[in-house]
Each structure stands twice: as structure tokens, then as C-alpha cells.
Amino acid sequence: MDNKEEKNTFSRRKFISRTATVAAGISIVPRHVLGGIGYTAPSDALNIAGIGVGGMGAANLGNITGQNIVALADVDWKYAAGTFNKYPKAKRYKDYRKMFDDMSKDIDAVVIATPDHTHAVTAADSMKLGKHVYLQKPLTHSIYESRYLTQLAKETGVATQMGNQGHSGEGTRLFAEWIQNGEIGHPIEAHAWTNRPIWPQGLERPKEQPAIPSTLDWDLFIGPANYRPYHPSYTPWNWRAWWDFGTGALGDMGCHLIDPVYFALNLGQPIAFEGSSSQVNTESAPIAEKVTYYFPKRKKLKNIKMPELKFTWYDGGLLPERPEGMIPGKIMGDDGGGAMVVGTKGTIICSTYGRDPYIIGRENNPPNVKKTIPRVSTSHEMDWVRACKEPKESRTEASSNFMYSGPFNEVVVMGDLAVRLQDLKKKLEWDAEKMEITNIKDNEEIRVVTSDKFTVIEGDPKFDTQYATINAKQASQEYIKHTYREGWKLS
């Protein structure tokens with residue numbers, strides 16, 4: 001073991017010991033205790049740390065005003081340099097656990113915008129230390145991780161928020177109020193779509209092994225995932241394409257585009273799902289995919305019935321059929337995507353992030369209904385800051401707190417299950433309580449592409465496609481609840 005590994009192992013052991021002590025029942029007391037545990041006086045500024053600050057983390061921190069940014073942790077100091085320079089007084093770290101070792105008593109809240117595969121561990125460790133958490137979307141990399149963070153948020157009582165900022169917007173609320181007021185009748189079907197991926201997907205693992213940049217701690221980037229050699233196609237931006245690190249186009253944009261429909265129709269958990277896509281391989285998400293969720297009948301909501309509902313997701317340029325009455329040449333949603341609910345009396349469409357909803361045929365005569373859903377008057381981030389400062393006993397939770405976004409995120413990342421298991425060639429039946437697919441037999445297998453090469457000989461392409469044969473039940477269990485690399489765990 002080299003010195004770097006010794007340092008990381010020591011820090012990890014020290015950190016795990018600390019969080020275990022908190023979890024064992026010792027009361028969590030933050031810096032400010034004027035109003036009891038978990039309370040910061042509204043007039044006081046929060047001390048906020050950032051974990052993953054080179055991309056969306058920088059934007060999230062920039063949307064927080066009047067608070068103290070006291071610490072910044074990022075595994076890639078070159079990518080994070082702009083944020084470091086913006087907050088010169090903040091202490092800098094590569095390992096967030098070392099940050100907590102040094103500064104836990106000085107941190108009230110944490111903004112996390114790391115790659116998907118490290119969302120759960122960073123958020124869980126923060127909450128166990130009594131820190132309020134703003135966590136980028138998708139909330140987690142797997143279904144089990146979403147369930148875990150939801151329960152942990154309940155147990156610790158910290159203020160939470162997922163970074164699907166459209167959930168705080170006016171459009172998402174109008175979309176829901178119009179539907180719930182019966183303006184399109186009873187819902188029949190729903191659709192959501194995105195122009196993503198706008199990064200390379202359908203990739204095979206690179207064979208080259210270039211040198212690791214001196215500014216990057218590659219072992220920390222890998223975190224709980226299986227170790228692999230460094231390659232620049234993984235980070236700093238394209239990690240979302242790779243199954244080990246990201247959740248593809250669905251995970252990236254599903255939390256924005258599925259959200260207005262999920263929220264408006266109170267969808268809960270599906271009872272089945274199925275997927276199809278362009279070629280899917282063992283390493284990265286496909287270029288284009290379609291996922292269909294089947295939701296059961298639900299209780300009547302205000303003025304509308306909630307029958308069984310089929311909800312279909314599209315990405316990679318795929319789109320639903322244009323609905324009846326749509327003006328020829330008019331884009332559905334916007335260039336980034338959209339969502340649609342077809343009802344017995346009409347069809348409603350919104351753009352990315354739930355913006356600009358309209359009912360087909362009533363574009364110039366939108367419904368004028370009572371505003372029944374509370375509005376967010378600040379930014380998505382500042383709504384969370386407000387919640388952090390309120391006593392947990394009387395707190396108005398942030399709009400996309402984990403009690404909402406945790407179950408919702410389970411549905412989003414469930415779509416990746418549908419795509420990765422599509423070789424079973426059947427609708428997959430889902431037991432939400434047990435977090436398992438119930439109709440996969442012990443001996444069923446799937447064939448998944450590992451490599452797909454071709455050469456052209458005298459104008460004729462000759463393909464050499466290689467497959468891995470995988471036990472489907474074992475694969476599904478791993479996709480639902482990941483096996484972490486040694487040294488990383490949630491509890």
C-alpha cells in the first residue's frame with residue numbers, strides 16, 4: 001500500500017467511525033441550537049460546503065445568496081479551479097471525508113453535485129453528521145440507494161432537496177392544477193421525451209491507459225464503483241454515459257421531464273415496466289431508448305379519476321406520436337424535450353423543466369383556475385436554504401425534498417432496469433415494497449453486447465459482435481442494489 005492509499009484508508013476508517021457513532025444514537029447538534037436540533041435562526045447565515053463543485057455544483061452554489069461557503073471538495077482540482085477562485089476563503093479538499101474530519105463542527109449544510117454513482121454515499125455521510133443536503137439529480141444511481149436516502153432523511157430530520165429545479169417552477173404547478181381541475185378530463189396516457197444524449201453513448205470500454213492527470217484523484221473518482229484504469233472519456237463530463245458512473249439520458253433528464261406528470265397525477269410506484277433501445281452493451285447506455293411504465297389505478301384526485309395509466313419515456317431523438325389537434329410545424333415542448341398527458345377531453349403539453357404548459361386548442365385561452373399548490377418565490381436552492389433554517393418540527397419542507405424525490409427517483413432509475421433487461425423480451429412485473437422484479441426465473445439469462453466491431457472487405461461490412469451471457473435475476477439484483485467496492489458502504 002502506498003502513502004496515498006494509507007492516507008485514504010486512514011481517513012475512511014476515521015470517518016466511518018465517526019458516522020457510526022452518530023448513527024448509534026448520539027444526538028445530532030449543529031452549530032446553531034437556538035431553536036433546537038436542526039435549527040438555524042433565519043437571520044443567521046448557513047455555513048455551506050460543496051462536494052463536487054466543477055460543474056452543476058458551481059451553478060448551485062452561485063444560486064445561493066447571503067450564506068457562507070466555507071469548504072469545497074472535488075476530486076479534480078483543475079475542473080474545480082473556477083469555483084475555488086470564486087470562493088478564495090473556502091478550504092479546499094479532494095476527499096469530502098477529510099473535509100468532514102477537519103470541519104464537521106463548522107458546516108451546517110452541504111451541496112452535492114458529484115457523478116451519479118457517488119450521490120448516495122456522499123449524501124448519506126452528510127446526513128449522518130446532521131448536515132442538511134442539497135443533492136443533484138438523479139437523486140441516486142440505484143433504486144435501493146433512493147429508498148435508503150429517503151429513510152435516512154426521515155430519521156435524521158435534516159432539510160433536503162433534489163436538484164430538479166423545474167419542480168419549484170410556476171409551469172410545473174400550473175400543469176398540475178389544470179390537470180387536477182379537470183381541464184383535459186380524466187387522464188388516459190402520458191409521455192415524456194428528451195433530445196439527450198448530447199454526449200457520446202453506446203460506447204465500449206477504452207483499452208488505452210493514459211497517465212492520470214496530477215490534478216485528479218482517480219481512486220476517489222472511482223469511489224464505490226469497480227476499479228478501472230483512468231481514461232479521459234470518463235471524466236470530467238462524459239461519466240453519465242457509463243453504467244458504472246451514470247444513468248444515461250434517462251437518469252439525466254428524467255428527473256426534469258417525468259416530474260410534471262408524476263407530480264400532477266400522483267403516480268406513486270408502477271406495477272410493471274418494459275424497455276427497448278438501440279444496441280445496449282455492458283459498458284454504457286444506448287444511443288436511443290424507449291421505456292414504458294404501467295401504473296395502477298389510484299384514488300380520485302380532486303376533479304379527476306385516476307385509472308390505470310401507461311407512461312412512455314423516449315430519448316435519443318425518439319418522440320411520441322403527434323397528438324390530434326397539434327398545429328402542423330409546431331414543436332412539441334421545446335428543443336430540449338417535453339411532457340404530455342392525454343385526457344378524455346384534451347391534451348396538455350409542457351416544455352423542459354415543466355415550463356410553458358398549454359392545452360392543445362387553448363393556446364391563446366389558458367385555464368383560469370384557483371392556485372391550490374403553494375408557490376416557491378425564490379430559487380430552488382434558496383427554497384432549500386429557507387427550509388434548513390426552520391425548526392424541523394414546524395418546517396415547510398423544500399419543494400423536492402427526499403420524501404417526494406426519493407420515491408420519484410426510484411421510478412426514474414427503474415427505467416434503466418427496463419433497458420438493461422430487455423433481452424428477457426417481456427413486461428417486467430415490479431414489487432415496489434420488496435424492490436424486486438417478480439417474474440424473472442432463477443435460470444433465465446440475458447445476452448448483452450460486449451464488443452461490436454466490423455471491417456469492410458471489398459465493400460461488404462463484416463461484423464464481429466461479441467456477447468456476454470448473464471444470469472438475469474442476479475443482474476437485476478445488482479442493478480437494484482449495487483455491490484460497493486471495498487472501503488465504501490452506506491451503513
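For the counts in the first legend, Ala, Val, Leu, Ile, Met, Phe, Trp, Tyr, Cys and Pro are nonpolar, Asp, Glu, Lys and Arg are charged, and the others, Gly among them, are polar. Please keep in mind throughout that this is a predicted model.

**Figure 1. The largest cavity and its lining.** This cavity has a volume of about 120 Å³, and the model holds two cavities of 30 Å³ or more. Five nonpolar, five polar and two charged residues make up the lining of the largest cavity. Among them you will find His-141, Ser-142, Trp-243, Asp-416, Arg-420 and His-482. Helix H12 (residues 402-420) gives the largest share of this lining, four residues.

**Figure 2. Leu-417, a lining residue of the largest cavity and a member of the largest nonpolar core.** That core has 109 residues, and Leu-417 joins Met-99, Ile-258, Tyr-293 and Trp-430 as the members that touch the most others. H12 supplies the largest share of the core, ten residues. Leaving aside residues up to four places away in sequence, Leu-417 touches Ile-143, Phe-273, Trp-430, Ile-437, Ser-476, Tyr-479 and Ile-480. A second, separate core has 21 residues, including Ala-80, Ala-90, Ala-109 and Ala-159.

**Figure 3. The largest pocket.** Here the volume is about 730 Å³. Of the 42 residues in the lining, Met-56, Ala-113, Thr-114, Pro-115 and Trp-239 lie nearest the centre of the pocket. Helix H5 (119-128), helix H8 (218-222) and helix H9 (248-257) are the elements that each give two or more residues to the lining. Sorted by class, the lining has 20 nonpolar, 13 polar and nine charged residues.

**Figure 4. Ala-73 in strand S2 (residues 68-73), with helix H4 (residues 96-103).** Ala-73 has a relative accessibility of 2%, under the 20% cut-off, and so counts as buried. Its contacts, not counting residues up to four places away in sequence, are Gly-50, Ile-51, Gly-52, Val-53, Tyr-93, Tyr-96 and Met-99. Six of the eight residues of H4 are buried, so this helix is largely enclosed by the rest of the structure. Tyr-96 and Met-99 are among the buried residues of H4, along with Arg-97, Phe-100, Asp-101 and Met-103.

**Figure 5. Two cis peptide bonds, one from Lys-137 to Pro-138 and one from Arg-196 to Pro-197.** Omega is about -15° for the bond between Lys-137 and Pro-138, and Pro-138 lies in the loop between strand S5 (132-135) and helix H6 (143-156). For the bond from Arg-196 to Pro-197, omega is near 10°. Pro-197 belongs to the loop between strand S7 (187-194) and H8.

Conventions
Residues are numbered from 1 along each chain as its sequence is written. This is a predicted model: local features need pLDDT of at least 70, side-chain atom pairs count only at pLDDT 80 or more; totals for chains, interfaces and linings use all residues. Side-chain values use heavy atoms; hydrogens and water are left out. On a 1 Å grid over the protein atoms alone, a cavity is a set of points where a 1.4 Å probe fits but cannot get out, and a pocket is an open set with protein on both sides within 12 Å along at least five of seven lines; lining residues have an atom within 4 Å of a point. Grid points are joined across faces, edges and corners, and a volume is the space filled by probe spheres set on the points. A nonpolar core is a set of buried Ala, Val, Leu, Ile, Met, Phe, Trp, Tyr and Cys residues joined through side-chain atoms within 4.5 Å. Buried means under 20% relative accessible area, exposed over 50%, partly exposed in between (1.4 Å probe, protein chains only). Contact means heavy atoms within 4.5 Å.
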